[in-house]
Each structure stands twice: as structure tokens, then as C-alpha cells.
Amino acid sequence: MAQVIYGSEVSKDIRSELSEQIAALRASGRRMPKLAVILVGENPASLSYVTGKEKACTQVGMESELIKLPASTSQEELMAVVRRLNADPNVDGILCQLPLPDGLDSAQVIREIRPDKDVDGFHPINVGKLHLKEDGFVPCTPLGCMELLHRMGINPAGKRAVVLGRSNLVGAPVARLLLNENATVTICHSKTENLPQVCAEADILIAAVGRAKMVTADYVKEGAAVIDVGINRSAEGKLVGDVDFASVEPKAGFITPVPKGVGPMTITMLLKNTLKAYRQHEGE
Ligand code: NDP
């Protein structure tokens, strides 16, 4: 039977640590850390994500600003908003909620965000820093996965890690973080042959494929730590991960559930990144 690691619980602990740090800043009369979130258009999922991010900021005592723009916003108008936030000394973190409506170029927007305010860690400068093992901003979901591993008491050094998925958002950065912590890392994707056998060699298995319950017990080594990043809807409309929890849990050593696993960690890491940006801006 695996030990189930709830990101929701770990998140609570980290958020209360962040709240204490921000309360101490407030008590000493300091400027508050601030996150600016840009939402373009009316995508309901995006609206719910940004609402969650705003709520989390309020919960820890951080300031936030939501800039809602119509779907008809032009690329130049959007870039001008980013430039205004770049220049605002009270804004520490900027994120533009993706995906953008058709016709807008997200890569161009991300490149416009000042790297020291890029708390999503998507700017090429921050991507490069991750690969050079330099201090920068790392994407929030991969950071959340690493935090969960650490809280499981797992040191990746020397371990076999398999990352299922190679997206720029999750798979690639989490693989790099594992390598930076001296794991021996294999990255799998849709062209990988003998996928279950490759995954079954892993001491640490990170599933980020976006395929409901694809990872069954035959993908998992006895006692492995399994982190399920997937967020999928089952045929019955339930939220399910990439891991078939019922078959994997008896075999794994550690496992994260969906929901209440990696999901809550993502926003918590965004708060952490914003506080880090604040401290850098304050010269700490
Ligand atoms: P992408 O669709 O960008 O990437 C999926 C990756 O999985 C690709 O590398 C793809 O391979 C690979 N893949 C797809 N199907 C298979 C298959 N049958 N066998 C092997 N590999 C396969 O997804 P994301 O990385 O953005 O997200 C992955 C999952 O994580 C999704 O469920 C998403 O909702 C969730 N997610 C959760 C977050 C959270 O906060 N918990 C945050 C972000 C994402 P190839 O490159 O060859 O196409």
C-alpha cells in the first residue's frame, strides 16, 4: 500500500509559511508583494484558473491585480499592457493566462515579460537558466512536483526517474529539475517504444501525458514514487489523473491523488515565485 501524499495538505503548510512571511513584511510597514494576471477573452476554464490565483494571493496577504481584456484585443494592445506592468515598480510578478484567443501570439507576449517578473518561468531566459543550473524562475507545476518529492523524503540523487510527457510546460522542465538533482532521467513521449517496460524501471515516475488513467500497475515498479500531474475528465465527467490510482496504489511506495495532488501545488508555487521576485526587487 502506497503512502498517499496530498498536495492539498502540503500546500496548506507552505501557504501558512508564506502568510507568516508576508505578515512580517506588513508589520514592518514594507511594500506588499504583488502579482498581476492578464486574462484575454472569456474562456471559462481560464477565468476559473485566474480566480483561483487571485483568491490564493488574498489568502496569503499578497496583492493581486487582474487585467481583463476583451477577446478582440490586438497583439500590440496586449504587448502595451505587459510593458506597463514591466515598468510598474509595485508589480513583482506578471503572468498572462494561456491559451490566448486565436490570432494572438503567446510566445511574443511571454518574451515581452521582464524575466525578473516572469513568475510562470516561461521566458526563454528563465528556460535557459534552468538548463544552465542558474537561479531563475522555474514553471510552477514542475516545481510543485519536486516539492512533493522532497516532502515524501525522496532524494532524487542516483535514482532512476522516468518522466512521461515532454511538454515545455511540465515534462521537459520537471525532467531537467530531476537531472539537476542528480537523478538518471528518461523522458518518454508518444513515440516511445515499450512504454510500460521503460516506466517500470523508474524509482520516480512522473506522469504528465493528459490521458485518463493510462498508467496502470504494469507501468510501475514495486515501491516507486508516482506523481500524477494529469487533469482529465472521465467518461462520467469526474476529474481523473493520468494514473489509474486503484491499480497503482497497492504497488507504489508513494502516490499523489487527483484531485488534491499536484493541482493545488501549482498555485502555491506561483505564490512562492512571486514572493521570490519581490525579495529580489527589494534587493534582499
Ligand atoms: P501536452 O499535451 O502538452 O503534452 C503531453 C505529452 O504527453 C507530450 O509530450 C506527448 O508526446 C505525451 N503523450 C501523449 N499521449 C501519449 C501516449 N499515449 N504515450 C506516451 N506519451 C504520450 O500536455 P501538458 O504537458 O500540458 O499536460 C499534461 C497533463 O498535465 C494534462 O493532463 C494537463 O491537464 C495536466 N496539467 C496539470 C497541471 C496541474 O496544475 N496539475 C498543470 C499543467 C498541466 P508528444 O510530445 O510525442 O506529442
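**View 1. Strands S5 and S6 side by side.** S5 and S6 run parallel and are joined by five bridges; two strands pair if DSSP finds at least two bridges between them. Within this predicted model, local features need pLDDT of at least 70 and side-chain atom pairs count only at pLDDT 80 or more, while totals for chains, interfaces and linings use all residues. Residues are numbered from 1 along each chain as its sequence is written. Look for Val163, whose bridge partner in S6 is Ile187. Strands (E, at least two residues) and helices (H or I, at least four) are DSSP runs, numbered from the N terminus.

**View 2. The open sheet.** Six strands, with parallel pairing, follow the order S1-S11-S8-S7-S5-S6. Strand S1 (3-4) and strand S6 (184-188) are at the edges with a single partner strand each, so one side of each has no neighbour in the sheet.

View 3. Gly165 sits in the loop between strand S5 (160-164) and helix H7 (171-180). Is Gly165 buried or exposed? Gly165 counts as buried because it has 23 C-beta neighbours inside 10 Å (buried means 20 or more other C-beta atoms within 10 Å, exposed 12 or fewer, partly exposed in between, with C-beta atoms placed from the backbone).

**View 4. Around Ile231.** Here we visit the loop between strand S8 (225-228) and strand S9 (232-233), where Ile231 is found. Ile231 is partly exposed, with 18 other C-beta atoms within 10 Å.
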